[in-house]
6 protein chains.
Amino acid sequence: MRPSGRAIDALRPVSIQTGFARHAEGSALIRMGGTEVLCAASVESRVPPFLRGKGQGWVTAEYGMLPRATHNRGPREAAKGKQGGRTHEIQRLIARALRAGIDLKALGEISITVDCDVLNADGGTRCAAITGAWVALRLALDGLVRANVLPALPITAQVAAVSCGLTQAGAVLDLDYAEDSNASADANFVLTETGGIVEIQGTAEQAPFSQEQFNELMRLAQVGTARLFEIQRDAVAQAVAA
Amino acid sequence: MRPSGRAIDALRPVSIQTGFARHAEGSALIRMGGTEVLCAASVESRVPPFLRGKGQGWVTAEYGMLPRATHNRGPREAAKGKQGGRTHEIQRLIARALRAGIDLKALGEISITVDCDVLNADGGTRCAAITGAWVALRLALDGLVRANVLPALPITAQVAAVSCGLTQAGAVLDLDYAEDSNASADANFVLTETGGIVEIQGTAEQAPFSQEQFNELMRLAQVGTARLFEIQRDAVAQAVAA
Amino acid sequence: MRPSGRAIDALRPVSIQTGFARHAEGSALIRMGGTEVLCAASVESRVPPFLRGKGQGWVTAEYGMLPRATHNRGPREAAKGKQGGRTHEIQRLIARALRAGIDLKALGEISITVDCDVLNADGGTRCAAITGAWVALRLALDGLVRANVLPALPITAQVAAVSCGLTQAGAVLDLDYAEDSNASADANFVLTETGGIVEIQGTAEQAPFSQEQFNELMRLAQVGTARLFEIQRDAVAQAVAA
Amino acid sequence: MRPSGRAIDALRPVSIQTGFARHAEGSALIRMGGTEVLCAASVESRVPPFLRGKGQGWVTAEYGMLPRATHNRGPREAAKGKQGGRTHEIQRLIARALRAGIDLKALGEISITVDCDVLNADGGTRCAAITGAWVALRLALDGLVRANVLPALPITAQVAAVSCGLTQAGAVLDLDYAEDSNASADANFVLTETGGIVEIQGTAEQAPFSQEQFNELMRLAQVGTARLFEIQRDAVAQAVAA
Amino acid sequence: MRPSGRAIDALRPVSIQTGFARHAEGSALIRMGGTEVLCAASVESRVPPFLRGKGQGWVTAEYGMLPRATHNRGPREAAKGKQGGRTHEIQRLIARALRAGIDLKALGEISITVDCDVLNADGGTRCAAITGAWVALRLALDGLVRANVLPALPITAQVAAVSCGLTQAGAVLDLDYAEDSNASADANFVLTETGGIVEIQGTAEQAPFSQEQFNELMRLAQVGTARLFEIQRDAVAQAVAA
Amino acid sequence: MRPSGRAIDALRPVSIQTGFARHAEGSALIRMGGTEVLCAASVESRVPPFLRGKGQGWVTAEYGMLPRATHNRGPREAAKGKQGGRTHEIQRLIARALRAGIDLKALGEISITVDCDVLNADGGTRCAAITGAWVALRLALDGLVRANVLPALPITAQVAAVSCGLTQAGAVLDLDYAEDSNASADANFVLTETGGIVEIQGTAEQAPFSQEQFNELMRLAQVGTARLFEIQRDAVAQAVAA
């Protein structure tokens, strides 16, 4: 039995509200249960130095957590003067995930930065960030097409992410904080709508796990992301219709 | 005529939503027109080193702005590795404003940090932050009384803030970004519900202004804060009733 | 009765020694009682990136305090690796004050940085810095005119600053450290020689103050700056004559 | 055909030289082809603040790369004043891998830091670091047993790591730099000698990959680590015998 | 012929003004020609962590240069966020020089920090700093004796420093900036009043120099410091008499 | 009698292994007793900003120490976020020493950075670094000549360094850690193969020393470097022959 009473393969209630960041070219406030992440895509007509003159674009991401998004207040990274290892790790993951679904050549010499800021945290913030960031990115690209900057959407895959883990209730989908802090293993899966694997990060927290257990986690991730892809498509459709 | 069509002494639409930061001891999401600031108060049972053993508490504040709260994306302070001068200046102002309304001796050896994070910016973020932060602080103190940590609220004044400025439409109340960036002078007033002055910051942007002009700005500030005090009280009353 | 025995509207002994920083295009060592600030203006034939190609100049300021300018030694900001919030706040104030008295268009694509370093501190360092910095800036501009870089002085106002405060002796002019650390409120006024207001910063330290009290502080500031404008003019006249 | 001519499931030549860091409680210089990583374990009789008084130990890791370990010189992180995101990500991975094989309760209030410094890089540095770091840690623990600080080795699993990837030659084991920079996907596997999974990190570099491809990568990783476990045991046996 | 017309073994005009830093336990403003360094000694009743409980004191130094002490303005180290290599090198030198003349055991658990801040630079700032710092330290120690904190001065040697160099005029004493920037070699000598060597730093700027040349530089240094010792003694005597 | 039993004028066993840093244009792993420093020279076809367009090259150096090169683990400078004063001091010394032996005009607009990383420390690391760095630099220059980038070696002197000190055994050559930490004085000598002095750094640790003692230290340094020059030449000859 899960602490939340959810079925083993049930996501928490998920919603995606577009347009929250009023100035951003695309934005999505994603809620997965008690986790809320504001994703805002910013478009710039230039690329980082290492890509100049190569006729391709770039997509990157930054991640942050408000100091009191968590049970206990954490120090503000800006005040400490540096981003922690966890922040670095997560924002690199988000950026790779987004780049896996876009044709950077077709984007041309444009950079898109997606800021993912956690307003409330209850587990799974990096996966929620990826799922929301894809919507923000999608809407920003849509704006470039509508403004005739791009002839067509340079999107090659729809990308979403979910965490799974081994808990006292067995393998379960979409861990909340209570589960996450007691799981013997957890894994984050970044998948495409055609079932392709973009990124897998699996970690044993207490004891090593077996390949069979890992395969069960991946099966749950396929179930979870199937639902997330629908929610992403609905959010995009409503935003575009508006 | 103001760009927004507002009367000279009209605030923008203002709302305060409490409880947005789920883990915080007190929180308020304040909206003043297109400006939105999330204020979250965190309570800790210890004081900074310079106050240890003095039998009094401390209230401080931190201020941040999401990178895409603004028209153009600004660099993330955590990634730059330092907070800018404007951030320092504002968070010091918020903290002084909050301390002006509290009896630190009565608080006892407790620290309260109020994080003010701007989600969307359209002018007046520091004043909105003060007005919202006072509500967050008030609710956190209320929790301490309900938990019998404090015998009574250690509040000495209700504090709110508003900006006024000299624009092409003359002296006006509550500048939005369009007005602020063209004003010849602007001033931030932190006032108490009994009309006392907690802090005044007035700056000539283009040409020096006169004492008469300054007095007119202060009159508008009294009008504006009178309305803000009501909105604060309503928000507190609803939160406490819930 | 004031600790120093001064009349309520009396400045401390003030002197301005020009040319102390031998390499600077303009410099002024200002002494206000026990407070001494060395102000040095440096001219560069370029402007910061955000102004390039706009046909205007820039004036900025930096502020520092020697570690043992104060009663107890403070840590060196260079060793700590960052400037504190107070430093940021003050140097932004000085820079705004200086820009309020200059026509940046008439300056052309030239930057002037005025370094204000406190050698000895006894209250009122930011106001002394502004008053001295204006002299250093004025002398640097004079040099540009003499060198035919500028056709005329691009000065639009003479600017000086003084602090006032509410103490046990009532409203008083030009607080020293002993008064400043016990004042119930203090305010810094940056004024022009024609009585215009450039900047006002008023802060209640213990209890809110009234508009009447504030008006009395402003009256004292007008008295004090009238005398400071004379001292600035004398210092400039002697330096130019030399 | 692989650039190196190796069979699909062949490791590069691997050696582990113990004792290179003369002062360290345990050390291993691991060479995997052209990749060389110096791993040095340091023992301290105290634990980080978050573990004080909990009766358990801690194992952590730091990772660095000499500036000219790579084809082109990279900037020295100490000179830049911060560790990059890649460094943070890798040292967190190494530390988790090591902790997965140790009983921290049995270790007692002791901290062990394993420094992994890359002297020469030719792909696979994080996996080589893990495999070498386990040997350094094992030898440091051995010293604690010999010194009667610990009654027995607190080791719960033997841990090693290897990278696999999808290249033009198909799925291959132990990528060198030439393969790594052209792989369409790569994955790092941290496994135990009984086949348990400690950590998986799989990343699509160009196109998403399938679950079948992923399973083939994991099969190769089991082949590769089987050989690495032997080499680790030989290195430990020789060091202990000496 | 030297640019300044000085004889080969002539110091520039030297003066030491004590008491300039009003709050410091000892201070000296030393002028050597156009070089001016303000040295301020601060006493604290505690020692750094590595000395706690060892029954001895500590003397350290910090060095800084005002941004416009030089011909062209240099960036402020506090604003850059770090002290440069030259600053580190010089402040370590000053501290070693001061410690060479004091009995740290006799000082007891007291720390003295001497801040040396260059107000105007015209070559030889590190040597001027040492010579002035010794006076500031001496006066601070004198205060401890007068206050009965110490039974006697814990001074073991009088210490001063001077630079010498090989220029077009041959070996010369006390280089000014014009000479220093064209010297083929220069050396800084920290000596005691009995002719002992505390520190030597000699550097070939263009071509290696010979032992004979080096010996001539040292001879000049003995001449120069003999005069500096007198000036130090006079300054101390006057300050103590006052 | 020295702790190591060495004669007063005996170096520790010295060896120089070239080519250790496989990617570097020149590299040398130097061992002096228990001290091991990896020196790697990197060539770039550009010069720092202050030299652009001046038709000359630049040689610089960076120095680091692996955290566990020492008896007790030291904090990693990259993790602390800054290089310490000792590091700054040493890398500036190495760079000056290398530049003293090269004709920067003849080098042309090329920069060479020599990284000196201490793998194991047992005293004398800065001197070992200089001696090894000269070999790495020499080999990198040799490569530029063989590649016809330079017509001839731009070398003007062979440079090596050694430390000497005053210990209980009197003046001795090449201090190891045990001697260094108890010496009453030590000095580092950077000399050329023709006996020229490039740099001298002599420091009294406990009591001032005399000119006679200093001359004896310099005599020992001449003996020691004579042997180091041979070892450098042998290492270069073997590397070039290979």
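Is Phe189(A) buried or exposed, and what is its relative accessible area? In this predicted model, Phe189(A) is buried, its relative accessible area being 0%.

**Aromatic pairs and a cluster**

- Over all chains, the structure holds 21 aromatic pairs, and one of them is formed by Phe189(A) and Phe214(A), which is tilted, with 5.8 Å centre to centre and 40° between the planes.
- This pair links distant parts of the chain, since Phe189(A) belongs to strand S8 (residues 185-192) of chain A and Phe214(A) to helix H6 (residues 211-241) of chain A, 25 residues apart.
- One aromatic cluster is formed by Phe189(A), Phe209(A) and Phe214(A) together with Phe189(D), Phe209(D) and Phe214(D).

**Helix H4 of chain E**

- Helix H4 (residues 125-146) of chain E has 22 residues, which at 1.5 Å a residue should span 32 Å, and the end C-alpha atoms are 31 Å apart, in agreement with that expectation.
- Of the 22 residues of H4(E), 19 are buried, and therefore the helix is largely enclosed by the rest of the structure.
- After H4(E) comes Asn148(E), which has a positive phi, near 65°.

How values were computed: Residues numbered from 1 in each chain as written. Chains lettered and ligands numbered in written order. Predicted model: local features only at pLDDT ≥ 70, side-chain atom pairs only at ≥ 80, totals over all residues. Heavy atoms only, no water. Phe/Tyr/Trp six-rings, centres within 6.5 Å; stacked < 30°, edge-to-face > 60°. Helix = DSSP H or I, 4+ residues; strand = E, 2+ residues; numbered from the N terminus. Buried < 20%, exposed > 50% of the residue type's maximum accessible area, 1.4 Å probe, protein only. Expected span 1.5 Å × (residues − 1).
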